[in-house]
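Take a look at the model below.

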Amino acid sequence: ASWSATLFTRAAEIVKYTYADWPQSEKNKVTKLFSEQYYPDISRMFSGSYACYNKNWHASAIEAMLNITVFNKNTDLFNGTIKKWQSLVPSYIYLSSDGSRPKNASWCSYNDSQINAHWNNPNSYVDGLTQESCRDFEHTAYGLAAIINTAETAKLQGIDLYQDNSSNSQMRIVKAMEL
């Protein structure tokens, strides 16, 4: 649901503002679909048995959720999704300033041995290592792409997440790309 919603929400946003013949009643149906079907379904990623899955899933979910909130003009959900992104980035991309191990996301708390297993047992944590670097770089790329796509969407809305001090996101993204 997240991977498809990241794409067609952007398409719907473009059509919403460029195709004058799209009836408001149809726009309302899409708004309802996004808010009553997709957003709640995707939000399940942050609770229960899904809360500690691989972070590229969460990154894609956040990207889709942000796109939905933009289309639906829902400021409260938009702000909540930004907070999820701010928690995701430090839990997905390690910096040595984090300490001896990666940070937990606000929705998933691991002890040291659990986090090592979740990060696929790296020999050491180095700047820019992601939660999936030791798994494979394909999944790492999915996560990084969703993190960057979300930051770009937020920037179009007037919020520069790259300069977010709470997540130190610019440094994390640069180090992950360098790695």
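Start with cysteine 134. The closest cysteine sulfur, in cysteine 108, is 18 Å from its own, too far for a bond. A disulfide needs sulfur atoms within 2.5 Å. Cysteine 134 is partly exposed, with a relative accessible area of 38%. Keep in mind that this is a predicted model.

Which cysteines do form a disulfide? Cysteine 52 and cysteine 108 do, with their sulfur atoms 1.9 Å apart. The torsion about this S-S bond is about 115 degrees, so the disulfide is right-handed. Cysteine 52 sits in the loop between α2 and α3, and cysteine 108 in the loop between α4 and α5, so the pair ties together parts that are 56 residues apart in sequence. The disulfide count comes to one.

Now the interior. In soluble globular proteins, nonpolar side chains tend to be buried together. Here the largest nonpolar core holds 44 residues. Ile42, Phe46, Trp85, Leu88, Ile93, Trp107 and Ile147 touch the most other members. Elements giving two or more residues to this core include α1, α2 and α4. Helix α3 gives the most, with nine residues.

Beyond its sequence neighbours within four places, its contacts include Ala61, Ile62, Met65 and Trp107.

Finish on α3 itself, residues 55-72, where serine 60 lies. Is serine 60 buried or exposed? At 4% relative accessibility, serine 60 counts as buried. Setting aside residues up to four places away in sequence, serine 60 touches Ser2, Trp3, Thr6 and Ala146.

Methods
Residues numbered from 1 in each chain as written. Predicted model: local features only at pLDDT ≥ 70, side-chain atom pairs only at ≥ 80, totals over all residues. Heavy atoms only, no water. Helix = DSSP H or I, 4+ residues; strand = E, 2+ residues; numbered from the N terminus. Buried < 20%, exposed > 50% of the residue type's maximum accessible area, 1.4 Å probe, protein only. Contact = heavy atoms within 4.5 Å. Core = buried A, V, L, I, M, F, W, Y, C linked by side-chain atoms within 4.5 Å.
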